[in-house]
Amino acid sequence: MKNMLIAMGLMASVCIQADNGKQIYKDASAPVRDRVEDLLGRMTLEEKVGQMNQFVGIEHIRANSAVMTEEELRNNTANAFYPGVTEADVERWTEEGLIGSFLHVLTIEEANYLQSLAMKSRLQIPIIFGIDAIHGNAHAPDNTVYPTNINLACSFDTELAYRIARQTAKEMRAMNMHWTFNPNVEVARDPRWGRVGETFGEDPYLVTLLGVESVKGYQGDLNSPEDVLACIKHFVGGSQPINGTNGSPTDLSERTIREVFFPPFEAGVKAGAMSLMTAHNELNGIPCHSNEWLMQEVLREEWKFPGFVVSDWMDIEHIHDLHATAENIKEAFYQSIMAGMDMHMHGVHWNEMVVELVREGRIPEARIDESVRRILDIKFRMGLFEQPFADPEQSMKIRLSAEHRATALEAARNGIVLLKNDGILPLDAAKYKNVLVTGINADDANIMGDWTAPQKEENVITILKGLRQVAPGTYFTFVDQGWDPRNMDPAKVAEAAEKAKDADLNIVVAGEYMMRFRWEDRTDGEDTDRSDIDLVGLQNELIERVAASGKPTILVLVSGRPLGVEWAADNLPAIVEAWAPGMYGGQAVAEILYGEVNPSAKLAVTIPRSVGQIQMIYNHKPSQYFHPYAAGKLSTPLWPFGYGLSYTTYQYDDLTLSSKEIAKDGTVDVSVRVTNTGSRDGVEIVQLYLRDVYSSVTRPVKELKDFARVPLKAGESKVVNFTITPDKLAFYDQKMNRIVEPGDFIVMVGASSADEDLIKETFTVK
């Protein structure tokens, strides 16, 4: 195989099309379409197929080939090398123009070096570098680490989503990175799934709006040196796997696919996203990576997607070795390309086998040309032919800038949810002079969350650091429980329990472990799924023994998934869900605990009591809780979607509709008065839900259709206005036609999805 690739490189160097005129593709003033066609006409088949292939970077290969075995390589979806292939081979193929893209290149030096090799190739086609910049370009060192996507979703702040994406794009381009594998617009419907924190939550409407703003923030118009390519992923259904594990089968009706899972992807396409990644899983028996219905019929024909589709990590190979719908890898490549795949992530077999498939007449070269056009179009539009390098001297003037750091802190403050407060918060520093702090996440960089490389210590404020910074006159006793929840020391738990007796107040910082550099030790994140949603290890024992001291005990959770902390909810006076609030998360948590910041975030996911309540979503169908469990609570979660407390109180009244009857194509204006009835300024997230009372197919008991972040000073009232348009009333009928059906609709407005938090009015569609 290695010799075959070398031969392909030689063929590429001798099969040179004569240049009978001006090289239009090198003319920056020429239309992009003309440049693409000119370059495509000069390319050999081998060069074309190379543009469709992606490799991991040479430093990644070097590091992992030194420590991993081929057996360990089989099921690893984060680290890779290519047995029998050296870094020198990859460098040579880059010089020969046989590699179109790299991922897992984490420094500007390596990116510029690989680009310099591409500039030695016959046609000098630049590399496009992709990276998992999920919440900032945090997968690489020395970049701003924003809170994770689930934090952002809990802020319900679309402008902030745009701003974080825009700043991330600038930091990426400062490192010669061009393509982020984000936003993840999957709708998270199973908390066992480790990637919940990478998403914008369980609601299609909220996911859609945040996904759209992220796409716009990343891409701009793709003509600026500060723009990067967005990638909407994973298409589709992997966030409701049958057993909660990443990549396991998904069986969904077309109705559920179109009503729940498709809307964020369709909106992302309409917002201009120019790349899309297919999902690991099979969907209704067809692997997504060979699913013609998804890639061709829906994506290209129905939605008119003009960009390119990229596979996820070795998932085309999994059509053969996992899903077993292809007899060998070559057949898997054939199935995927003919179903609509444009780029392969990642590996060495692609080049030789796809060329063979074309030579054998199974794949038309015109089909290869379709994919290469899409890839080249992006490279031209992004200006990579004119400026393939980034300036190392300018790089750190952009990355970790004061503006970006300020946004990271703002986002942390806005995305931390106060779940319970029996009046103990905000903390009185004069009352609680001696505070015990303990727990696995109390003083660990794990606060940054999944998809984060180790960052310099001075760029991360842990919760313990934040507490000491915000309350300098308080004495904080720290009992270190280590970072690994599965290997907690019982003696350390006992030490914390003993010292809690002497404290005025106890703060336990519990949750999950997510840092990727200890891949095998994580309990949350990509490919880190759980059979339950309880706290791992001795964490519950730690909480209960510390609380048994009789001193007030506050629980802070750092996690990517909802956790069923029912004992804590019943017995502790205050609980804060911090999720993974990023590099300044510790400061934000401390500011909220001590009242310097009034919390405003609301849950973007429902938090069940236990794994037995799954599936627990707010927008369920009416019959879901018809029969109760014989033992245990069925229908009431620990905390519902849209829920979150504040240090002030809000009152909703005067819900008014502009009309009680409308035509199918009519609109209804909704207004509600919201009053801050407390003594502190705050921000309330006002939520509007709809229910179709009777319909020809079953509809959810309520669906979020609008929201607004409303700043209110103490004692202030504001009238908040919404408009219900026909698209917010529409659904798919029995024949899967999207319609607005006559009948009554209930409008619900309030502070969360819980019925007791909503006021209601009704109107009729005639």
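**Entry 1: a helix pair.** I began with α19 and α23, which are oblique to each other, because angles under 35 degrees count as roughly parallel, over 145 as roughly antiparallel, 65 to 115 as roughly perpendicular and the rest as oblique. Their axes cross at roughly 50° and come within 7 Å. I noted that axes are lines fitted to C-alpha atoms, for helices over the stretch in contact, with angles from 0 to 180 degrees between N-to-C directions. Helices here are DSSP runs (H or I, at least four residues), and strands are runs of E, at least two, numbered from the N terminus. From α19, the residues I463, G466, L467, Q469 and V470 make the contact with G586, Q587, V589, A590, E591 and L593 of α23; contact means heavy atoms within 4.5 Å. I sorted these residues into six nonpolar, four polar and one charged.

**Entry 2: ground rules.** I am reading a predicted model, where local features need pLDDT of at least 70 and side-chain atom pairs count only at pLDDT 80 or more, while totals for chains, interfaces and linings use all residues. Residues are numbered from 1 along each chain as its sequence is written, and side-chain values use heavy atoms, with hydrogens and water left out.

**Entry 3: another pair.** I next looked up α2 (residues 32–42) and α16 (residues 365–381), which pack at about 130° with axes 9 Å apart. That makes α2 oblique to α16. In this contact I found seven nonpolar residues, no polar ones and six charged. Among those in α2 are V32 and R35, and D369 and V372 are among their partners in α16.

**Entry 4: the cores.** Which residues have the most contacts inside the largest nonpolar core? I found F235, L425, L555, V556, L593 and W639, in a core of 216 residues. Such a core is a set of buried Ala, Val, Leu, Ile, Met, Phe, Trp, Tyr and Cys residues joined through side-chain atoms within 4.5 Å. Apart from it lies another core of 27 residues, including Y650 and L729. Leaving aside neighbours within four places in sequence, V556 touches I463, V589 and L593, among others.

Entry 5: Is N182 buried or exposed? At 1% relative accessibility, N182 counts as buried (under 20% relative accessible area; exposed is over 50%, partly exposed in between, with a 1.4 Å probe and protein chains only). I located N182 in the loop between β4 (179–180) and α10 (204–219). Y218 is 36 residues from N182 in sequence, yet their C-alpha atoms are 9.1 Å apart.

Methods: Ala, Val, Leu, Ile, Met, Phe, Trp, Tyr, Cys and Pro count as nonpolar, Asp, Glu, Lys and Arg as charged, and the others, Gly among them, as polar.
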